Amino acid sequence: MASDYEDVLQKLCHHLRQLSPSDADITPRTDLIEQLAIDSVKLLNLVMEIEDEFDISVPINALADVQTVDELTNLILRIRSEAR
Amino acid sequence: MASTIHLEEKTLSSTIAQLNAPLAQASALRSSDELAVALAPTPTSNTQPQRLADFETLTAALEYAATGETGYNFYDARGNLRSVLPYRALRHNARAQARRLAGLGMTRGDRVALIADTTPEFVELFYACRYAGLVPFAMPVPVNLGSHAVYVQQLRGMLESGQAAAALANLDYVGFLAEAAAGSERLKWVGTPEQLGERPATQVELLENHPDEVAYLQFTSGSTRAPRGVIITERALMSNLQGIVRNGLEIGPGDRSASWLPFYHDMGLVGMVMAPMVAQVSVDYLATRDFAIRPLQWLRLISRNRATVAFSQPFGLKLCTLRVRDSDLEELDLSCWRAAGVGAEMIRPDTLRNFAEKFAPAGFDVRAFLPCYGLAESTLAVTFSKVGHGFDSLRVDAGTLVDKKMAVRLQVEGRKYSEFVNCGRPLPGHIVKVVDEAGQAVPDLRVGSVLVHGNSIMAGYFNNPEDSQRSLLPGNWLDTGDLGFIFEGDLYVTGRRTDVIIVNGRNIRAQDIEELAEQQPEVRTREASAFGITDTSDVTTIVLVIECRLTSAADRQSLISRLQRQVYMAFGVNCLVELVPPHTLPRTSSGKLSRFAARQGFIQRTNLTDQLSAESGDK
């Protein structure tokens, strides 16, 4: 399980760095809104990349409870396990 | 996006049953395409004579549409057909749900709140309300990261403002709805369409509606503090729909629509749900979220199903231009698209030119562009340009526009200009006039407030006499809040008065942002001013100027971050926060802040003049 988490986190961080270039390290505790400035247009790109990368469909209602990188990672893991 | 229907009512079981696969199953089947193969969309050509919205009420229109073969089709993010809802099945299911709604103890005219995801269940419930003599209103789905609390607050505001007696949402959203409904004394029932489907149907007779009855409420902004529900009667609705399908679009038997517009938005609901139905036209839907993530899917739908009529906000066209790859163009044939309606926000000519240039190789005809102007307070449409003629624009001197509120056509090249799109003429039965601050009509090319008169005008804002009185002027003229001028009988919209900021196609009230700021302990009432600035590439940014007494850099940064976060969670946009010393913001004689002057001051302080597009603002 832990390695699954690390794997998703690493891939996610890769997309986040491309979307919001910044010098700061991205950690699980990084806040998507405050620290990475993911606005609604960037969010669409991010969701598309996540869906393509992990072959999942992200329900829009689930994003309402996501604020940090950790929460997004866990959401991806949850959707993936439910789809299997 | 689970979608399920009450199966026991189905008439076209072979088609409908398949749509109802819940999410897990749907995604499991996604790659195999088995579902899509089994379904076929409703046809474009019909078996009955076409009637163009000559009905007295919405349900009368559906009774007729149900005798043909056309209807609504719902596609998923991968372009697979998920559900088919012929008007015949829609009528049947809507009537069945109406009989169940009738058993909830509501009285005629009571409001029913519906979270409007792009699903068959939503449209069934919307029409079910009308069959039961109830007044539906659509509420948005949440779209922003971390917006849970704000979204619930937003729903609660609408439930209260609309005084809803019942509220429904599908499984994805019913949790939010239940939270918003907690403690409400007015709500008699909250649940999902499936739960309603399990209730017994009452054996009541479904009465015909009267043209003077209220057809629905339309909420116009996502405001958390004071959402306003526009009241539209059956008469206003049918008048507007008739104008749209006959005069605006000149609908004929070969027409078909494709839409991604949200069902909670007037252009989506009136223009792309009701207008096609009252003309018995088939529609192919893509959820807004799916379009926003993969705009190509919308164009694919148009191309594949040979759609002729499809509307978008300029923002949607921009997404297509930006996000569709050149390699995708080969598979598209957009030559069928004869009416590419554009509206709902300021239309920049370059947005249209860029789109046309990008998609010309895919057969898109620039003459298909159909700029129009309208607002929920006039049901939907006010003016249409001439269908099939493409778009016209006028270049006017930018300086004279701002200083003298005059549109002077550009005589010499090289001067700074503003270019405005011709939005066309009013629908029959409607008059548009432009007035100055004293309410006097101004001559051609003079910029002023745009007023509208006609059959489609709202009856007012629900339970809000103050705002109704402010918008509905004597003689039943609607003050649209937009600025513009008339030239040779055509309307050109030049801007929005400063009380509304339009970002990415969404209307955000400046007051809502200011009130959000004032909730912070460091910010006092009347010490925050919000406005939008639009750069020359047409990107609008919200600016929030705050009078601030904090001296420590850390405290100031903390306030800025908090404000940005609050604005983001409420509206999904980033904003620029400027802290200024007390008494910096200009006030009017009555002590009110002037947003126009605040904006001017900000532009001067930041030296942005040259990078912004010229707009005519009000004082």
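In what order do the three strands of the open sheet in chain B run? The order is S26-S27-S28, and the pairing is mixed. (Two strands pair if DSSP finds at least two bridges between them; helices, H or I of at least four residues, and strands, E of at least two, are DSSP runs numbered from the N terminus.)

Before you click on, note that this is a predicted model, in which local features need pLDDT of at least 70, side-chain atom pairs count only at pLDDT 80 or more, and totals for chains, interfaces and linings use all residues. Residues are numbered from 1 along each chain as its sequence is written, while chains are lettered from A and ligands numbered from 1 in the order in which they are written.

Look for Ile542(B), which stands opposite Cys575(B) in S28(B).

**Stop two: a helix on the sheet.** Show H20 of chain B, residues 595-606, which packs on the sheet and touches S26, S27 and S28 of chain B. (Contact puts C-beta atoms, placed from the backbone, within 7 Å.)

**Stop three: a helix pair.** Move to H4 (58-65) and H11 (266-278) of chain B, packed at about 60° with axes 8 Å apart. (Axes are lines fitted to C-alpha atoms, for helices over the stretch in contact; angles run from 0 to 180 degrees between N-to-C directions.) Display Leu58(B), Ala61(B), Leu62(B) and Ala65(B) of H4(B), which meet Met274(B), Met277(B) and Val278(B) of H11(B).

Conventions. Two residues are in contact if their C-beta atoms, placed from the backbone, lie within 7 Å.
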